[in-house]
Amino acid sequence: MERERLLVAEQNARERAEESFALLDTFLNHAPVGLAFINRELRYLRINDALASLHGRKRDQELGRTVREMNPNMASTFEPLMLQVMKTGIPLSDMEMSGHVPATPDELRHWRVSYYPVRTPSGGIVGLGAVVVEVTAEHRARQERERLLKEAQEAIRVRDDFLSIAAHELKTPLTPLKLHLQMMKQQSAAGHTPKPHHVDKALAQVTRLSVLIHDLLDATRIEAGRLELRREPVELQALANEVLAETRPLGHQHTLEYEAPPEPLMVKGDRGRLAQVLTNLLENAFKYSPNGGVVRLTLERDGAQARISVKDAGIGIPEDQREHLFQRFFRARNAPISGFGGLGLGLYICRDIIERHGGHISVDTEVGQGSTFRVTLPLET
Ligand code: ADP
């Protein structure tokens with residue numbers, strides 16, 4: 001009788017335990033986070049599909065297996081932490097972990113992981129509960145926000161630098177311009193004809209202002225995709241002659257050399273814009289060879305391309321700065337600040353013009369030796 005009563009009691013207890021496990025499993029499996037109970041040997045006693053799926057398996061395939069067997073790559077990260085929780089009984093909550101799991105070996109993923117000690121009613125630690133919350137999407141969103149913030153801060157810095165450079169560049173010609181105009185005013189007040197020297201100097205400053213303003217407008221047009229090109233047949237030698245007639249060395253000890261083949265080099269393009277590129281390259285060659293030397297403009301035919309090069313014996317460009325040369329507002333570290341400043345727009349505009357003609361612009365340069373800017377343009381056939 002007593003034996004029967006005990007058997008029934010045991011049967012009831014087993015049913016109740018199975019019921020609680022079934023309840024627990026249902027609860028575990030419907031939780032939106034990874035959950036597991038792990039024993040002292042670091043084997044999974046309970047695990048839900050959310051966590052097992054990180055290992056590329058179903059929960060039944062992981063029961064009784066060790067943490068290391070199921071996730072060999074990351075085991076050395078979390079095994080010591082699990083052992084620590086079981087030794088000290090102190091939970092570890094919300095630890096940031098990153099790594100590669102068997103389900104997605106090529107993807108770096110991120111989790112917030114907590115381990116809690118599991119105790120018997122008498123207080124002994126029999127294992128731990130693990131809670132694993134996937135935070136990869138949040139992590140990426142945070143990185144993206146940080147990247148955008150950095151970009152925005154950089155853009156603001158570039159704009160602020162640019163505004164102060166632009167204000168300085170636009171102001172610089174005003175002082176000599178005012179001075180020469182005052183001299184001219186005094187001379188005419190005294191009944192004299194203003195001296196040509198003052199007229200020329202004043203005009204040179206007006207030209208400088210107008211180049212700066214045109215560069216600013218061009219850069220704005222390029223950014224808005226509104227720089228328009230007219231297409232007409234252009235003979236490069238004739239164009240070079242026109243530009244050379246207009247270009248004066250900057251008063252330093254420069255010699256200007258020019259070489260071109262006898263047969264015409266015809267391209268289809270915007271005459272004014274191509275002249276602007278040539279002028280810019282020649283002016284830079286003078287500007288950035290303050291000790292003078294030879295500036296050489298060469299036109300050549302290279303197969304189906306026309307090649308224009310402008311070579312100087314100037315300051316050159318440091319290696320780490322070269323890749324930025326054709327970017328907006330860029331001025332190399334070794335560009336002199338005084339005397340002949342600039343907005344760092346000329347080469348940016350040149351590149352846009354040349355590339356929109358189907359051509360290419362590049363530079364070959366050595367600090368202290370000089371630079372050669374090369375432009376290629378497709379020839380008209
Ligand atoms: P800017 O001359 O107005 O500064 P550019 O866009 O024409 O602007 O040139 C950008 C930068 O490239 C210059 O500030 C200078 O540092 C460098 N650079 C251009 N041409 C030369 C050259 N011939 N020799 C050395 N550095 C040059």
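In the predicted model, helices H5 and H7 are roughly antiparallel to each other. Helix H5 spans residues 136–171 and helix H7 spans residues 196–223; the two pack at an angle of about 155 degrees. This value falls in the antiparallel class because angles over 145 degrees count as roughly antiparallel. The axes of H5 and H7 lie 10 Å apart. On the H5 side, the contact is made by Phe 162, Glu 169 and Leu 170, which meet Arg 208, Leu 209, Leu 212, Ile 213 and Leu 216 of H7. Classified by residue type, this contact of H5 with H7 contains six nonpolar and two charged residues, and no polar ones.

The surroundings of the ligand were examined next. The ligand is surrounded by 21 residues, of which Asn 284, Tyr 288, Arg 331, Ala 332 and Leu 347 are the closest. By class, the shell around the ligand comprises 11 nonpolar, seven polar and three charged residues.

For Tyr 288, a polar side-chain atom is found 2.7 Å from a ligand oxygen. For Leu 347, a polar backbone atom is likewise 2.7 Å from an oxygen atom of the ligand. A backbone N or O atom of Gly 344 is placed 3.1 Å from a ligand oxygen. The ligand taken alone exposes 530 Å², and 97% of that is buried by the protein. Two or more residues of the shell are given by each of helix H9 (271–287), helix H10 (346–356) and strand E12 (370–378). The largest share, three residues, comes from H9.

Terms used: Residues numbered from 1 in each chain as written. Predicted model: local features only at pLDDT ≥ 70, side-chain atom pairs only at ≥ 80, totals over all residues. Heavy atoms only, no water. Axes fitted to C-alpha atoms, helices over the stretch in contact; angles between N-to-C directions. Helix = DSSP H or I, 4+ residues; strand = E, 2+ residues; numbered from the N terminus. Parallel < 35°, antiparallel > 145°, perpendicular 65-115°, else oblique. Contact = heavy atoms within 4.5 Å. Nonpolar A, V, L, I, M, F, W, Y, C, P; charged D, E, K, R; others polar. Near = heavy atom within 4 Å. Polar contact = N/O pair within 3.5 Å; in protein donor to acceptor, adjacent residues only side chain to side chain. Areas by Shrake-Rupley, 256 points an atom, 1.4 Å probe, with all protein chains shown as cover.
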